[in-house]
Every structure is written in structure tokens, then in C-alpha cells.
Amino acid sequence: MRTEGLNVHYGKHVAVKDVSLSIEGCKITSLIGASGSGKSTLIRALNRMHDLVRGTSVTGRVWLDGRDIYGVAVDPVILRKRIGMVFQRPNPFPKSIIDNVLYAPKISGERGQRHLGNVAERVLRSAFLWDEVKDRLHGSALELSGGQQQRLCIARVLAADPDVILMDEPTSSLDPIATAYIEQLILSLKESVTIVIVTHSLHQAARISDFTAFLHMGRLIETGTTTQIFTQPNERMTEDYITGRFG
């Protein structure tokens, strides 16, 4: 996946400016930068979430498997099954645990109960949640803890068999134990899924990501392997941010 000259405008305000970024497959790429640097705006452009926001416009290109996702022939609903999204705060549907997990397969027309049961178990195991909820699948998802709800939301995304998962600060509202679960989960998922994560935590980016991109005032300042960005950045601004001189 890659962007080419990507710009995002909120009315007259340019929130992302001419960003060209390559995202490696089956790797974890972290987007870092101070508040207002354009991280969340950028990640939402990667699966056309801005289509849903009045007054927002996107120019430039986002390529997935050689196809521009902003092309007129691309159905954004189908696209968002391939490029799933996990938000800052857990947002389970006010339904049962199993109805949350099986939402995508059911709206796609799947009705086979055995297949649906297999999907539910597979994605809940992948999200490290099966053993905690297998005896209460028909209970309300809203009764789960915050960390469990976030893992359920990840399982719900996995049920659509995505190629890419976008995560917008997925642990910012969680305690350290729940955060550790999510980080372990993210690391396990990169074997089969490309992950892009927005994080304010430099420690988190250093722990889990393969690549890191640093943004400032809507511009991509530098991108590289996480080791290079954190130990030998090419740009003084990157070094100043990493070392805490600003941000």
C-alpha cells in the first residue's frame, strides 16, 4: 500500500499536505507526531473514511495492490472490508458478543451456522478473547471490560478477512495490562495482515512497529525502519521530537 501526493482538506484548512508514503505488507507501520500533526487524518484517508465527513476533500492517490482506492469504480463499502479500522475508544455494537463478531459475514450474506460458528471461534482466538467469552457469547458486548471490548472490535474487523487494519490510538484509553494484551495481539496479527497504527506513545512505536513515519504540521518529515528513526534519524526535526525537545 502507498500514498502519492496525498492531501486532505477540511474546508480551506489543509490537514495533510503532499504525503507520499510506502507501507510494507505484513508489517507494522507507526505514525508518530505531536497532536495536530495529521496522523489521524492521514490514517482515515487510507480507507476513505473522509467520504463520510461533509466539507472534507481528498486529493492525490492511495494505491492498494496497484489500484487507486479513490478511483470512481471502487466501492468504498467493499473497500472498508479489505481495509478495516479500529478506533481510539472501543465501539462495540449494543448487541451480543457473537452478533458483534459475525456482523460482517452476515451482512455479506453468510447463513451457514457451522461456518459462522467456525468464523466466530477463529477470530476470537486470534484476538486472544475466546477463552474469556466462550461461555457467554450471547451476552451483551457492553458488559465486557474496556480492554476486552477493544479486542472484540479487532475480532469484528478480522471477521471481514481484511488485507490491512488501521488502528487510531487503539490503547490510549486502556490501562497498562490491557495495553500489553493489545500490543501482543497486534504483533501476532502482522504475520497475515498489514497494520498501520497511530500512536502518541514513542515507547509503543519502538516496541511493536517495523517502520515509523514522523509527521509534523500535516507533512511527512521522515520515514524509515523504526530502529533507524529512533537511533539515527536523518532529519533534525525528527531527532528533536524523539528526544523530547518539542511535541
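Predicted model: local features only at pLDDT ≥ 70, side-chain atom pairs only at ≥ 80, totals over all residues.
**Exercise 1.** Find which residues of helix 5 are buried, and work out how they are placed around its axis.

*Solution.* Begin with the helix itself: helix 5 runs over residues 113–126, and its 14 residues reach 20 Å from the first C-alpha to the last, close to the 20 Å expected at 1.5 Å a residue. Next, list its buried residues, which are Leu116, Val119, Ala120, Val123 and Leu124. Because they cover an arc of only 120° around the axis, these residues lie on the same side of helix 5. In general, an α-helix has 3.6 residues a turn, so residues three or four places apart point the same way. Finally, look at what covers the buried residues of helix 5, which includes helix 3 (97–101), helix 4 (103–107), helix 6 (130–133) and helix 7 (146–158).

**Exercise 2.** Classify Cys26 and Cys153 by their accessibility, and state how many disulfides a search of the whole structure finds.

*Solution.* Buried means under 20% relative accessible area, so Cys153, at 3%, counts as buried. Cys26 has 35% relative accessibility and therefore counts as partly exposed. As for disulfides, the search of the whole structure finds zero.

**Exercise 3.** Describe the largest pocket by its volume and its lining.

*Solution.* The volume of the largest pocket is about 590 Å³. Its lining is made by 20 residues, of which Arg80, Lys81, Met85, Phe93 and Tyr103 are the closest to the centre. Turning to the elements, two or more lining residues come from each of helix 2 (76–82), strand 6 (83–86), helix 4 and helix 7, and strand 6 gives the most, with four residues.

Note on methods. Residues numbered from 1 in each chain as written. Heavy atoms only, no water. Expected span 1.5 Å × (residues − 1). Buried < 20%, exposed > 50% of the residue type's maximum accessible area, 1.4 Å probe, protein only. Arc of directions from axis to C-beta. Contact = heavy atoms within 4.5 Å. Disulfide = S-S within 2.5 Å. 1 Å grid on protein atoms, 1.4 Å probe; cavity = no way out; pocket = protein on both sides within 12 Å on 5 of 7 lines; lining within 4 Å. Points joined across faces, edges and corners; volume = space filled by probe spheres on them.
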